[in-house]
Structure formats: C-alpha cells, structure tokens
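This report describes selected features of one structure, shown below. It takes up a single residue, then a sheet and a helix.

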Amino acid sequence: MAAPISIRGVSRRFGDRLALDRTTLDIAAGEFVALIGPSGCGKTTLLRIVADLETPSEGEVRIGGVPASQARRNRSLGLVSQRPAVLPWKAALADIRFTQRIAGRTGFPAEDLLRDFGLAGHEGKRPRELSGGMLQRVNLASAIAHDPAVLLMDEPFSALDEMKREEIGAWFDRELAARPKTVLFVTHHIEEAILLADCILVFSPSPGRVTEIVPVPIPRPRPASFRRDPVFLETAARVRRLLFGAEIAA
C-alpha cells in the first residue's frame, strides 16, 4: 500500500554551500510527483534525504507517519539511482531475487519483470555481459521487485534509448495504476514528467527551492495520444516558461 510523504523545513548544506533551502511538501499516498530544474538545484539531494541516504541539515522527513530512517529499515522504499546499483557477481535474475529476499516480499515475479523490461533470454547474464541500458533495466526491476510503498527514482530512464524509454515509462504508468505507489521522480525530461506525473515541482537554481507546483489535470494512466492533447502542450509550455523564461517557451 502506498504511503504519504511529509517533508518539513528540509535544508541541506555541504560546507558553506546551501544546496537545498527550507523545503516543505506534503505528498499524498499514491501520488506521482516529478522534480525538475537545472543541474545542481537540489533535486537529487532531496530524493536522497527522503531515501535516508543523506541527513538534512535542518528539518525532517516522515513516510507513512514514521521517520525516513524507519521506513528504510522497514523496506518500504524502492530506489533507482542514476548509476545501476547491481551486484557484479550476481546474474540479472539472481540480483532481483536478492532484493526480494532482503525485503522479505516477492511483489512482482522476477522473471515477469525481466520479460516486461525486454530482458528475456538475459536472465543468467552478469553485469559485465550487459550493456548500460540493460543494466539500468535490471536496476529498475530490482527497485520495484518487492512492491515497495514508495518509489524514489533519480533520472531512471536516462541510460535507455528513446524507444525503450517510452516502453518502460508506459509499463510504470500501467502498473502504478494497478498497484499504487507514492513516487518521487527526478528528471530533466519535461515531456516525460508530464506523461507520468500527477504534478511537477519546478526547482530554482541553487540553493534549491520549489518555485511552483504544476498540476497535470488528466488522470493516470494516460494514452500515448496524450502527447497531442492541448493540456499536454499547455503544461509543457508552462514548465518551460518557469525554467527558461517566456521568450524560450514561446
């Protein structure tokens, strides 16, 4: 079952540099929230704080009413990093099953995930035998395999070619409708954010602040034809104006 996320006054400093400035957000259970903004604006820092991989300098995060550290210990989180976090000595199928064993939950059948992600026939291959895009698909499968309540994704599709990127995005759109999860999704891809998310948090340049929350007023899951919908085009133009200025969006 999806869990809500409460972020209260979270800031993060690295020495004298303020990376993230007093962020307060309430994310409802089952809500898909995209984070978008310039490089270095604190998106990944916020994601890592929610994942309990970074300690905030100020503020706190609670997931399902408990501290982020407890949610992590409860195996309530699934994390997809930019670089595949796979075990070099394990084959693809064994890597996914290892995640499930650690979490104590099967969730999605591991073989089905590999097939759905275009890796049928590669189940017994180790990381050195897989391309970068294949490794990232194993990483994605491992993160969701135990059916976590919260899914934290940092540029999860950046290593994929455009066709596979759309296929995997459509898979998540369908599956999250059937098995709701609370999702934080860091991306630089405006169209992808609009296709997948319920709302988009637009960040300012460093120090990172949420300057605006842009809703996507079409319910998920969304058909591929949504790309041609006036709502899609208007939302994309609005996000571009916020990021780049009116003259570029025009």
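## Ile194 and its contacts

Leaving aside residues up to four places away in sequence, Ile194 is in contact (heavy atoms within 4.5 Å) with Ile200, Val216, Arg222, Phe226, Phe232, Thr235 and Ala236. Ile194 counts as buried because its relative accessibility is 0%; buried means under 20% relative accessible area, exposed over 50% and partly exposed in between, with a 1.4 Å probe and protein chains only. Ile194 belongs to helix H7, residues 190-196. Helices (H or I, at least four residues) and strands (E, at least two) are DSSP runs, numbered from the N terminus.

## Basis of the model

The model is predicted: local features need pLDDT of at least 70, side-chain atom pairs count only at pLDDT 80 or more, and totals for chains, interfaces and linings use all residues. Residues are numbered from 1 along each chain as its sequence is written, and side-chain values use heavy atoms, with hydrogens and water left out.

## The open sheet

An open sheet is formed by 4 strands in the order E2-E1-E4-E5, with antiparallel pairing; two strands pair if DSSP finds at least two bridges between them. At the edges are E2 (17-27) and E5 (66-67), each pairing on one side only. E1 (residues 5-14) and E4 (residues 58-63) are joined by 5 bridges. Opposite Glu60 in E4 stands Arg8.

## Helix H1

Of the 8 residues in helix H1 (residues 43-50), 6 are buried, among them Leu46, Leu47 and Ile49. After H1 comes Asp52, with a positive phi near 65°.
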